[in-house]
Amino acid sequence: MIKTSNKTFRVESVTRNIINEIKSDKNSANARATMANIRNSVNRPLTESTDLLALLFRYMPEDFLSTDGKISDEERAIVTTIQLYAIHQQSKAESVLLEENSEKWKNLGYSLRSLRKDGDSVAVDRRFNSMVTSTTFQELSHHLRQMIKLLKSKTDAKVDYPRLSRDLYRYLRGYGEEVKFSWASRYYFVNSEKEGEKKNEK
């Protein structure tokens, strides 16, 4: 198994710093333009999004930088997370960031399980299952964007985006099954707990 050392947590820290900068000025015209450019950078060469590049490399440690002209795993995990955050935050007055806390089980699965509260859990579960059975990072990223758009439109749930960047980095470094299992366990377990409470009330 590939060892990720402390880079896993440094990826999380860089992501948090970038998001905090965006949050600090999120109501200005410049910040809104930056967020729009970040959203538009999805599926496009990074060199076409100078706003994202400026943010990214303002906080990126030197050992995270690509040495062969191809995006590094660290860069990819952070960029993907910032894009997801920009999609989620669009048109939202309140921050969509689940603030840092000691409850480590509040991962992406915990946030997405709020989609099951509307009663149409079959359709939501189908989307979630498509995400956790992804076999490539590109496929996973596509499904993540769909899930975040759904979360944005249907709930006020927040996501721990720095934690998500850490999970995405671990996925890229060979721990994909562990990451997807941790999301699934929180997505399904919390709901099962609630269902048990409902049955006991009858």
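The structure is a predicted model, in which local features need pLDDT of at least 70 and side-chain atom pairs count only at pLDDT 80 or more, whereas totals for chains, interfaces and linings use all residues. Residues are numbered from 1 along each chain as its sequence is written, and side-chain values use heavy atoms, with hydrogens and water left out.

The protein chain holds eight helices and zero strands, these elements being DSSP runs numbered from the N terminus (helices H or I, at least four residues; strands E, at least two). Of its 202 residues, 47% count as buried, where buried denotes under 20% relative accessible area, exposed over 50% and partly exposed the range in between, computed with a 1.4 Å probe on protein chains only. Among contacts (heavy atoms within 4.5 Å) between residues at least 6 apart in sequence, 76% join residues at least 24 apart.

In soluble globular proteins, nonpolar side chains tend to be buried together. A nonpolar core is defined here as a set of buried Ala, Val, Leu, Ile, Met, Phe, Trp, Tyr and Cys residues joined through side-chain atoms within 4.5 Å. The largest such core comprises 48 residues, of which Ile 78, Leu 108, Leu 112, Phe 128, Met 131, Tyr 161 and Trp 183 touch the most other members. At least two residues of this core are supplied by each of α1 (7–24), α2 (29–40), α3 (50–59), α4 (73–89), α5 (108–112), α6 (121–132), α7 (137–154) and α8 (161–201), and the largest share, nine residues, comes from α8. When neighbours within four places in sequence are left aside, Phe 128 is in contact with Leu 112, Met 147, Trp 183, Ala 184, Tyr 187 and Tyr 188.

Asp 167 lies in helix α8 and counts as buried because its relative accessibility is 4%. Its side chain makes a polar contact with the side chain of Trp 183 at 2.9 Å, a polar contact being a pair of N or O atoms within 3.5 Å of which, within protein, one must be able to donate a hydrogen and the other to accept it, with residues adjacent in sequence counted only if both atoms are side-chain atoms. Not counting residues up to four places away in sequence, Asp 167 touches Asn 107, Val 179 and Trp 183.

Residues of α4, including Arg 76, Leu 84 and His 88, meet residues of α7, among them Phe 137, Leu 144 and Lys 152.
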